[in-house]
Amino acid sequence: MKTDELLINMGPVHPSTHGVLRFKLTMDGEIIRNCEIVMGYLHRGTEKLGEMKTYMQFVPYTDRLDYMSAFANNYAYVKAVEELAGIEVPLRAEYIRVLTLELNRIVNHLVMIGSLLLDLGASTMIMYGFRERENALALFDMLCGARMTFNYIKPGGVREDMPEGFIPKLNEFINDMDKRIDDYEQLVSGNEIFMGRMKGIGVMSAQDAINYGMTGPSLRGHGVNYDIRKLEPYSVYPDLDFKVCVRNECDSFARYMVRIDEMRESLHILRQVVDAMPPAKPASQAKYGIAPMTGAPTAVSTYFPRIFTPPPGEVYSRIEAPKGELGFYIVSDGTIKPYRIKIRSPSFCNLTAIPKMVEGLMIPDLIAAFGTIDVVLGDVDR
Amino acid sequence: MLFLAMWTGDIMFANAYELIVFILNFIGIYEPINNIFKTLGIEYILRIIIVFAEIAVLLVFALLTIMFLTWMERKVVAMVQARYGPMVTGPRGLLQPVMDGVKLIGKEDIIPAKADRWVFTLAPFLVFIPALLIFIPLPFGESLIISDLKVGLLYLIAISALSPIAILLAGWSSNNKYSLMGAMRAVAQDISYTIPLALSAIAIVLFTGSLSTVDIVTAQNGTWFGFIPKWFIFLQPLGFILFLIASIAEMGRIPFDFQESEQELVAGFFTEYSGIKFAMFFLAEYAHLFSVSAIVVTLFLGGWSFPYLSLLPAAVVPLISLGVFLVKTYAVIFFAMWLRHTVPRVRIDQLLNLGWKIMIPLALLNLLVTGFLLTIGVFQ
Amino acid sequence: MTWITRNWTMSGIIKGLIVTMKHMLRVGNRPTVTIQYPYQKMKVSPRFRGLHAVDENACIGCGICEVNCPNGTIQIVKYKTRWYPQVNIGMCLFCGLCVDVCPMNAMKMTGNYELADYSRESLVYGPDRLLFNKEVKQ
Ligand code: SF4
Ligand code: SF4
């Protein structure tokens with residue numbers, strides 16, 4: 001009998017490509033022989049936009065890169081600007097930043113696990129994840145007045161100090177989350193069908209993973225102890241006690257478990273941050289709306305001029321975003337706008353490993369492996 | 001009178017037709033009507049009318065059940081997922097299925113340009129009609145059965161085996177790769193799961209010696225030691241588990257919903273369907289859910305029988321037994337829904353492995369042991 | 001043959017079923033947090049960045065907000081003998097930069113987030129819809 005290879009276009013509109021991504025699959029029956037990734041459907045020219053805006057104006061645009069972890073994007077960009085200009089940040093601001101970053105990591109992993117399970121057909125986990133995320137978003141809302149696009153971390157500090165009643169709510173959230181993560185583990189991690197779908201699927205050697213430029217939890221599932229918070233400490237991370245979660249199995253299940261471990265670790269960090277938070281000066285308790293205008297130093301931000309012209313030069317700064325290494329490369333020519341901005345986004349680099357990962361597997365495995373890579377298309381296409 | 005005769009027992013009817021005739025007789029209008037038809041020489045018309053009345057009742061029942069099931073599914077999902085589910089139309093969203101129906105009927109009925117139009121149109125009917133036909137030999141309660149076929153069980157398995165053909169037609173005629181793959185998967189799955197399904201049902205037949213569903217239910221009447229109901233689940237635990245898994249696969253629900261595999265194949269074999277045709281697949285799915293659960297109840301959970309049901313006055317037994325049957329069926333349906341929203345989907349090769357390498361050998365083993373134990377007379 | 005070495009007691013699935021059952025019966029701290037939107041509304045924080053509001057007495061029409069808006073959302077227009085900002089909500093990021101830079105603290109953002117409208121024109125909020133009078137408000 002004559003058989004033919006079947007070409008399937010998975011996407012750009014498909015339930016489980018997390019947005020507009022296209023896989024060109026060459027199938028032999030149910031087996032994937034070749035997988036080609038076609039991206040760029042969500043290209044918005046963010047890097048170019050950055051060259052059109054002043055340093056301050058570009059911050060809200062970074063929110064829209066990886067909208068699941070907007071704080072990390074804010075921070076990565078702001079950190080680059082601060083390094084460029086040599087701005088010192090008040091300690092309290094740094095603690096608030098770490099607090100938001102870790103909270104954001106939890107939110108990101110909740111969504112990642114939820115959508116992974118949704119891709120596998122279990123629709124319940126995402127609802128639980130979103131319920132907890134809702135609480136976290138309420139915290140974000142209290143903190144910065146927006147639920148997803150924060151524009152909270154600004155060069156020189158953060159926009160406003162924490163409002164009253166924030167820390168008790170945060171503590172409540174942290175205590176809740178402990179039990180909720182136990183629930184997730186019971187619901188998901190031990191499930192035989194889930195293990196059958198994840199264990200031994202999407203295997204790739206650590207060497208290959210490094211060669212493809214994978215970073216973040218996805219890489220740590222391959223047994224590589226690589227975490228920029230430890231390797232190139234920034235902010236107040238050196239003062240905090242946390243461990244890097246690594247799993248050695250190199251498969252989808254390991255990548256998933258790293259996320260669960262990281263959520264617990266983030267809770268641990270959050271507790272320390274809450275304890276170690278430097279006290280606020282009374283002046284910084286200003287309510288929204290009568291906050292001091294940009295430029296004036298407050299308890300949570302140093303002086304940042306309204307017309308900001310950094311010295312000519314270039315800087316590359318990277319942080320450990322929830323999805324991996326997020327780097328901003330900024331070239332300044334001494335004017336009010338950057339000369340060039342380049343974003344090294346974790347989703348893009350991690351995504352390129354997919355074809356290698358799924359060769360010889362089936363469509364369901366492609367979806368499982370793709371889910372564990374944790375990609376946000378806004379981050380891939382920029 | 002007759003009522004007293006019923007009260008004291010002994011009157012049982014083979015099927016709903018006889019029950020209707022009895023009730024008409026009881027009210028005292030059967031004879032006059034029958035005489036009218038007799039004088040016209042067309043008594044068979046009366047019979048046809050009664051049968052049509054039965055069918056109408058069944059259809060209404062089936063549609064109401066399906067509508068209720070869609071509502072229930074949403075509510076159960078919502079409860080599992082800590083949500084509310086439909087709340088707006090009607091009390092607690094009870095009228096939501098009606099609204100859904102209105103919406104689906106109002107949708108444009110799209111036929112893809114390169115589809116095989118005739119097969120594409122035929123397939124939804126081929127799915128929908130067997131789903132209703134399954135209801136015929138289901139014993140809803142004492143005397144409440146459309147027709148007590150001598151080969152009831154065989155009929156049930158045969159009719160439910162029709163649906164893969166229709167699904168294949170739907171998938172193939174859509175001229176869509178996802179549909180085709182969904183259809184292929186559905187057929188592979190149905191073939192591999194009908195076998196353990198039938199094998200574990202045969203183990204029941206060894207006990208009853210009859211394929212008639214009524215016989216199977218009556219065989220489960222009564223108790224052991226006065227409190228354990230004589231249901232086959234206690235005699236056939238392995239058979240029950242196999243049958244349950246196979247029937248969940250047969251219903252095509254997560255963890256075995258390969259015909260749809262929403263996240264993999266968009267919507268599987270009905271990717272290209274819309275409007276009223278889509279509604280038919282949808283209705284058939286829920287009709288299937290009900291009927292397969294009803295079969296599980298009939299075979300393993302005692303059907304409409306319940307310990308000490310015979311102590312009740314015979315006049316109310318049909319109603320009570322209907323209630324018992326529905327409660328049991330909805331319990332099974334609830335389990336299916338609960339499971340659906342707890343576990344992920346298995347992979348197609350894992351599913352086939354499970355079917356061919358584990359369930360069929362186990363079902364054969366179950367059959368062998370049952371037959372052996374029956375032959376040496378353990379159960380007599 | 002790896003599938004045969006798996007755990008066939010399905011204890012993991014049963015545990016999962018217990019978790020979902022606990023949620024169904026709302027045992028422990030497992031609440032429903034759904035907000036039935038058109039009937040109930042979410043309580044947003046006082047800092048929420050919704051529709052703008054401009055203090056009629058404080059605004060001096062300096063246009064600093066116009067310059068600093070990353071999207072060119074704001075235009076300074078003439079209204080009742082003075083100049084005030086006009087905000088095109090359709091282009092707004094709700095980033096709050098205009099609030100930060102206002103030298104007179106005239107620009108504010110309210111908790112109003114229900115901004116959908118039927119036409120693009122009605123998304124342009126002129127001073128007549130943005131202005132508020134601080135004395136009257138307090
Ligand atoms: S709102 Fe503030 S920044 Fe804008 S024109 Fe008025 S005073 Fe100037
Ligand atoms: S919130 Fe941001 S985008 Fe909107 S008007 Fe103010 S500065 Fe412009």
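Buried area is the accessible area, taken with a 1.4 Å probe, that two parts lose on being put together, summed over both. Keep that idea in mind for the close-ups below. This is a predicted model, in which local features need pLDDT of at least 70, side-chain atom pairs count only at pLDDT 80 or more, and totals for chains, interfaces and linings use all residues. Residues are numbered from 1 along each chain as its sequence is written, chains are lettered from A and ligands numbered from 1 in the order in which they are written, and side-chain values use heavy atoms, with hydrogens and water left out.

View 1. About 3,500 Å² is buried between chain C and chain A, and carbon and sulfur atoms give 49% of it. On the chain C side, the residues that lose the most area to chain A are Arg47(C), Arg49(C) and Asp100(C), together 23% of what that side buries. Counting contacts (heavy atoms within 4.5 Å), chain C brings 38 residues and chain A brings 43 residues.

View 2. A salt bridge here is a side-chain nitrogen of Lys or Arg within 4 Å of a carboxyl oxygen of Asp or Glu. How many salt bridges are counted between chain C and chain A? There is one. Find Arg159(A) and Asp100(C): they form a salt bridge, with their closest N and O atoms 2.7 Å apart. The interface of chain C and chain A also has 18 residue pairs in polar contact, both residues being at pLDDT 80 or more. A polar contact is a pair of N or O atoms within 3.5 Å; within protein, one must be able to donate a hydrogen and the other to accept it, and residues adjacent in sequence count only if both atoms are side-chain atoms.

**View 3. Helices on the chain C side of the contact with chain A.** Helices (H or I, at least four residues) and strands (E, at least two) are DSSP runs, numbered from the N terminus. Which elements give two or more residues to the side of chain C that touches chain A? They are helix 1 (11–24), helix 2 (64–68) and helix 3 (97–101) of chain C. Helix 1 of chain C gives the most, with eight residues. By class, this side of chain C has 19 nonpolar, twelve polar and seven charged residues. Ala, Val, Leu, Ile, Met, Phe, Trp, Tyr, Cys and Pro count as nonpolar, Asp, Glu, Lys and Arg as charged, and the others, Gly among them, as polar.

**View 4. Chain B meets chain A.** Between them, chain B and chain A bury about 2,400 Å², 60% of it on carbon and sulfur atoms. The contact takes 25 residues from chain B and 35 residues from chain A. Helix 9 (177–208), helix 13 (262–265) and helix 16 of chain B are the elements that give two or more residues to the side of chain B that touches chain A. That side has twelve nonpolar, five polar and eight charged residues.

**View 5. The surroundings of the two ligands.** A residue is near a molecule if one of its heavy atoms lies within 4 Å of it. Around ligand 1 you will find residues including Cys59(C), Cys62(C), Cys65(C) and Cys102(C). The shell around ligand 1 has eight nonpolar, two polar and no charged residues. Ligand 2 is surrounded by 13 residues, the closest being Cys69(C), Cys92(C), Leu93(C), Cys95(C) and Cys98(C). Its shell divides into ten nonpolar, three polar and no charged residues.

**View 6. A salt bridge within a helix of chain A.** The side chains of Lys79(A) and Glu83(A) meet in a salt bridge, at 3.4 Å from N to O. Both residues lie in helix 3 (residues 70–85) of chain A, four residues apart, about one turn of the helix.

**View 7. Where to read with care.** pLDDT is the predictor's confidence in each residue, from 0 to 100. Chain A averages a pLDDT of 83, yet pLDDT stays under 50 over residues 284–295 of chain A. In chain B, confidence is lowest in helix 1 (residues 2–8), at a mean of 47, and highest in helix 16 (residues 348–375), at 85. Where pLDDT is low, the predicted coordinates should not be read in detail.
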